[in-house]
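Me: I would like to go through this structure in questions and answers. Please end each answer on the value or name asked for.

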Amino acid sequence: MLIHDRYGVVLTVVAAVGAVAAIVSLFRPRILPLVRSYLRATIAVVAIQVAVGIVLVATGHAPQQLLHWFYGAATLLALPVAMLIGKRLGGREEQVWLAGGAVLTVLFALRAMATG
């Protein structure tokens with residue numbers, strides 16, 4: 001099992017914790033600043049995973065399915081795009097977008113692991 005595979009499991013757990021926290025923040029808005037910080041850290045974790053994947057491809061370890069590239073990119077982009085849109089909308093809509101982006105990140109990460 002490659003480091004990319006193992007790190008993918010860790011990334012998915014980190015993203016799942018963030019998704020749960022984002023959903024909880026819908027009901028407890030006081031924790032929103034902490035959730036935002038955690039989700040920013042999650043983006044960094046995903047970016048590291050993407051970098052490791054690119055290095056693996058450069059060294060000759062291509063993914064088993066080409067669809068893995070799509071899900072990897074979607075995992076990387078879902079949360080930052082949701083955060084950007086949510087920030088522009090503000091208020092309750094921001095919380096909904098954060099929760100949606102966090103959940104999508106988990107779903108795309110799971111799918112990327114299945115196609116890797």
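Me: Which residue forms a salt bridge with E94?

Reply: The model is a predicted one. A salt bridge needs a side-chain nitrogen of Lys or Arg within 4 Å of a carboxyl oxygen of Asp or Glu. For E94, the closest N and O atoms of the pair are 2.9 Å apart, and the partner is R36.

Me: How many residues apart are E94 and R36, and in which helices do they lie?

Reply: The pair links distant parts of the chain. E94 is in helix α4 and R36 is in helix α2; the separation is 58 residues.

Me: Is E94 buried or exposed?

Reply: Buried means under 20% relative accessible area. E94 has 11% relative accessibility, so E94 counts as buried. Its partner in the salt bridge is R36, and R36 has a relative accessible area of 22%, so R36 is partly exposed. For E94, then, the class is buried.

Me: What is the volume of the largest pocket, and which helix gives the largest share of its lining?

Reply: The volume of the largest pocket is about 640 Å³. Its lining has 29 residues, and the closest to the pocket centre are H4, Q49, G53, H68 and A112. Helices α1 (3–27), α2 (32–58), α3 (67–89) and α4 (91–115) each supply at least two lining residues. The largest share, 7 residues, comes from α2.

Me: How many residues in the lining of the largest pocket are nonpolar, polar and charged?

Reply: Gly counts as polar in this division, and G53 is one of the lining residues closest to the pocket centre. The lining divides into 1 charged, 11 polar and 17 nonpolar residues.

Me: Which helices each supply at least two residues of the nonpolar patch?

Reply: The nonpolar surface patch covers about 950 Å². Its members are V9, V13, V17, I23, F27, Y38, V103, L104, L107, L110 and M113. The helices that each supply at least two of the patch residues are α1 and α4.

Me: How far apart in space are V50 and R28, C-alpha to C-alpha?

Reply: V50 lies in helix α2 and is partly exposed, with a relative accessible area of 25%. In sequence, V50 and R28 are 22 residues apart. In space, their C-alpha to C-alpha distance is 32 Å.

Methods
Residues numbered from 1 in each chain as written. Predicted model: local features only at pLDDT ≥ 70, side-chain atom pairs only at ≥ 80, totals over all residues. Heavy atoms only, no water. 1 Å grid on protein atoms, 1.4 Å probe; cavity = no way out; pocket = protein on both sides within 12 Å on 5 of 7 lines; lining within 4 Å. Points joined across faces, edges and corners; volume = space filled by probe spheres on them. Helix = DSSP H or I, 4+ residues; strand = E, 2+ residues; numbered from the N terminus. Patch = residues over 30% accessible without salt bridge, like charges linked within 9 Å, V, L, I, M, F, W, Y side chains within 5 Å. Areas by Shrake-Rupley, 256 points an atom, 1.4 Å probe, with all protein chains shown as cover. Buried < 20%, exposed > 50% of the residue type's maximum accessible area, 1.4 Å probe, protein only.
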